[in-house]
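Visitor: I am new here. Please show me the structure, and then let me ask about it.

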Amino acid sequence: NEGNFPYGDQPIKDAVTEFKEKKYALRYVGSMVSDVHRTILYGGCFVYPADTKSPKGKLRVLYEGFPMALLVECAGGKASTGMFAGKIQRMLDLEPTHIHERCPVILGSPRDVDFILGKYAA
């Protein structure tokens, strides 16, 4: 959702700006399931990062992040939290401490996810 663009961290902003410059089409249906379904079918990435309004992200680890991460990885993609809790990590490596815990989500084709994650190292 580009309405949250100003609140994101700089690496996410840089990645989205470069995707736009490369003429990537930005899509946002508003339903994670349908957005991820489209990503699996046609490629690209789904990004719902943490931001200044939601520093822990908005999607729930156990019943939003993990199921979609598993599907994407089974389809040959990658799923990450981006920079979260002081490190970049694979989403399925998170160890939730409570049932409604939230996390940022970056998942999709390995090329695009790695491109985004590379912005944190730059």
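Visitor: Which residues does Thr81 touch, not counting residues up to four places away in sequence?
Guide: First, a word on the model. This is a predicted model, in which local features need pLDDT of at least 70, side-chain atom pairs count only at pLDDT 80 or more, and totals for chains, interfaces and linings use all residues. Residues are numbered from 1 along each chain as its sequence is written, and side-chain values use heavy atoms, with hydrogens and water left out. Contact means heavy atoms within 4.5 Å; on that rule Thr81 touches Lys87, Gln89, Met91, Leu94, Pro104 and Ile106.

Visitor: Is Thr81 buried or exposed?
Guide: Thr81 is found in strand 3. Helices (H or I, at least four residues) and strands (E, at least two) are DSSP runs, numbered from the N terminus. Buried means under 20% relative accessible area, exposed over 50%, and partly exposed in between (1.4 Å probe, protein chains only). Thr81 has a relative accessible area of 2%, so the residue is buried.

Visitor: Which residues have the most contacts inside the largest nonpolar core?
Guide: A nonpolar core is a set of buried Ala, Val, Leu, Ile, Met, Phe, Trp, Tyr and Cys residues joined through side-chain atoms within 4.5 Å. The largest one has 16 residues. Those with the most contacts inside this core are Met32, Met91, Val105 and Leu107.

Visitor: Which element gives the largest share of this core?
Guide: Two or more residues come from each of helix 2, helix 3, strand 3 (78-84) and strand 6. The largest share is five residues, and they come from helix 3.

Visitor: Which residues does Val105 touch, not counting residues up to four places away in sequence?
Guide: Val105 is among the residues with the most contacts inside the largest core. The residues that Val105 touches are Met32, Phe46, Val47, Tyr48, Pro49, Leu59, Ser80 and Met91.

Visitor: Within what arc do the buried residues of helix 2 fall?
Guide: Helix 2 spans residues 32-42, and its buried residues include Met32, Asp35, Val36 and Thr39. The arc is that of the directions from the helix axis to the C-beta atoms. Seen down the axis, the buried residues line one face of helix 2, because they fall within an arc of 95°.

Visitor: Which elements do those buried residues pack against?
Guide: The other side of helix 2 has exposed residues, including Val33, Leu41 and Tyr42. The buried residues of helix 2 pack against strand 1 (45-48), strand 2 (59-60), helix 3 (61-74) and strand 6 (105-108).

Visitor: How are the planes of Phe19 and Phe115 set, and at what angle?
Guide: Rings of Phe, Tyr and Trp (its six-membered ring) pair if their centres lie within 6.5 Å; planes under 30 degrees apart count as stacked, over 60 as edge-to-face and the rest as tilted. The count of aromatic pairs is two. Phe19 and Phe115 lie 5.1 Å apart, centre to centre, in a tilted pair with an angle of 45°.

Visitor: How many residues apart are Phe19 and Phe115?
Guide: Phe19 is in helix 1 (residues 10-21). Phe115 is in helix 4 (residues 110-121). The pair links distant parts of the chain, 96 residues apart.

Visitor: Which residue has its charged end over the ring of Phe115?
Guide: A charge sits over a ring if NZ of Lys or CZ of Arg is within 6 Å of the ring centre and within 35 degrees of the ring normal. Here the distance from the centre of the Phe115 ring is 4.3 Å. The residue is Lys22.

Visitor: How many disulfides are there?
Guide: A disulfide is a pair of cysteine sulfur atoms within 2.5 Å. The sulfur of Cys45 is 16 Å from the closest cysteine sulfur, in Cys103, so it is too far for a bond. For Cys74, the nearest cysteine sulfur, that of Cys103, is 17 Å away. The count is zero.

Visitor: What is the phi of Lys23?
Guide: Lys23 lies in the loop between helix 1 and helix 2. Lys23 counts as exposed, at 72% relative accessibility. Although Lys23 is not a glycine, its phi is positive, about 70°.
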